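Hello,

Here is the structure I promised to pass on. Please open it first, then read my notes below.

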Amino acid sequence: MTDLLQERLRIPEENLDAINALLLDAHNPVVRAVLDIVHKYGGPQEINRRADAASDLSARLGRLEAQQSPYLTDLRWLIEARDRGAFISIPDYRRRVLGPRADAMAFDERTAVTLEISACQYFPWLIAEARQAAANGELMPGRIIRVRRMKESEADDLLAMAAAAQIIGASHVETLDTKGTDGSNVHLGGPETITGYFGGIGQPNDHALMWLEEFLYYYTTYGITQALNINPGTVLLGYLLYRLGVNLEFKISVFMGNDNPYSVLWTLIGARLFARPDGTTPLVGFNFSNSVNNQTIELCAYVRRALGLEGVVRFEHHITETWKSIVRQPYNRRAELVEIAPRVPNISAKHEGGDPEVEQTREHPSDVLDYFREKAEVLASGQMPLLERNYLDKHNAMNATARALTEAGLAFVAARNLHAPSAQGMGVTAA
């Protein structure tokens, strides 16, 4: 029975009517600006048609061939390695970790943890990771996050990375350039101030609409479906765009600060409020703040389940972080993940750094500020091999998490086209 005091929390119909009236007001300049951008791109049906065509793997490979991309050879190797079964299957991986008893164990796929890695800045890093994984019987990630400058990536490896993720069967997320670090936010002096100023990174004034237009450009031109979202305004724009019929997806960054059950409740209320009739939402995942504990995650899981979003919205939890410029070290949440994973489905283990005992030995430990460096500057500094080493340390940390989950009898999601029992022969072959 509902407590009489609790009954006061019921949202009156007239409040919902007021929201609908505002959204449907033909003179509402805030909504009209969104509609104008959608119309500029031809409307939802045309937007989705263009995105579907651009995301076709054969089309992506064809474009790379027409561009004489230096990455096409590696993509063809990746397809060939996948098709001949060069990567360890999950059953074989479990036998390697557990021995013969693995065959008698039941792994509950309903609570499988997605293996996630960030940030995969450059395509050659993914290939180096894949070659190591194939040679050593290791796992490739089921989810890849990128934080590279989009315009720089567009001229270099954006298509190749999208194709690679498609080939291996991993979801991947790009970070748009309209994120407030370009001088538009007076609170930020540059990336070095990103973690401490008001409202996170910020997307002030017209930057929210710029984000929307930038997303539609990459969605229709390259079929990039998932983007990182860092601001309540652009989160709302994502919800509105999805309601209008555009099939985008986004995840919310750690910089949004979802650090308690009530901030998560607010995030998920928005997702539910603007969900389509089938219950789906463009919010496919969000990062918790690094400060959350397992009790908070379980309370958030209760809210997510109650709102019918358990299978829709993934909880993305940092297991490791870059050694510098983001958290106090040592930071390693692997043991907590193993403890909570059986009780909270649809969670991913995000690896943003190597294990602390490895990081502190490196000549150049991982640093979140490296994400904001130009490729030309990295090459000129001679540090590209050091940054690639940082990335492979993240790969190793991710594999350590997979081992810990397996030893506890828990399931995980790795790159689906590489590690499934019948991964051989999947997908499109090289042109």
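Start with one pair of side chains. Thr178 and Glu214 are joined through their side chains by a polar contact of 2.7 Å. A polar contact is a pair of N or O atoms within 3.5 Å; within protein, one must be able to donate a hydrogen and the other to accept it, and residues adjacent in sequence count only if both atoms are side-chain atoms.

Before going on, note that this is a predicted model: local features need pLDDT of at least 70, side-chain atom pairs count only at pLDDT 80 or more, and totals for chains, interfaces and linings use all residues. Residues are numbered from 1 along each chain as its sequence is written, and side-chain values use heavy atoms, with hydrogens and water left out.

**Thr178**

Where does Thr178 lie? Look in the loop between strand S3 (171-173) and helix H11 (207-222). Helices (H or I, at least four residues) and strands (E, at least two) are DSSP runs, numbered from the N terminus. Thr178 has a relative accessible area of 8%, so it is buried. Buried means under 20% relative accessible area, exposed over 50%, partly exposed in between (1.4 Å probe, protein chains only). Leaving out residues up to four places away in sequence, Thr178 touches Gln203, His207, Met210, Trp211 and Glu214. Contact means heavy atoms within 4.5 Å.

**Leu268**

Is Leu268 buried or exposed? Its relative accessibility is 0%, so Leu268 counts as buried. Leu268 sits in helix H13 (residues 261-273). Beyond four places away in sequence, Leu268 touches Leu283, Phe286, Val303, Arg304, Leu307, Leu309 and Val313. Take Leu283: it is 15 residues from Leu268 in sequence, and their C-alpha atoms are 8.8 Å apart.

**Strand S1**

Next, find strand S1 (residues 113-118). 6 of its 6 residues are buried, so S1 is largely enclosed by the rest of the structure. Val113, Leu115 and Ile117 are buried on one side, and Thr114, Glu116 and Ser118 are buried on the other.

Which strands pair with S1? Two strands pair if DSSP finds at least two bridges between them. Here are the partners:

- Strand S8 (residues 347-351) runs parallel to S1, over 4 bridges. Leu115 stands opposite Ala349.
- Strand S2 (residues 143-145) is also parallel to S1, with 3 bridges. Ile117 has Ile144 as its bridge partner.
- Strand S9 (residues 412-413) is joined to S1 by 2 bridges, again parallel.

**Two helix pairs**

Two packed helices are described by the angle between their axes and the distance between the axes. Axes are lines fitted to C-alpha atoms, for helices over the stretch in contact, and angles run from 0 to 180 degrees between N-to-C directions.

Helix H4 (residues 43-55) packs on helix H5 (residues 57-66) at about 65 degrees, with the axes 5 Å apart. H4 is therefore roughly perpendicular to H5. Angles under 35 degrees count as roughly parallel, over 145 as roughly antiparallel, 65 to 115 as roughly perpendicular and the rest as oblique. Ala53, Ala54 and Ser55 of H4 meet Leu57, Ala59, Arg60 and Arg63 of H5.

Helix H7 (residues 90-98) and helix H18 (residues 384-407) cross at roughly 75 degrees, and their axes come within 10 Å. H7 and H18 are therefore roughly perpendicular too. H7 brings Tyr93, Arg94, Val97 and Leu98 to the contact, and H18 brings Asn399, Ala402, Arg403, Thr406 and Glu407.

Best wishes
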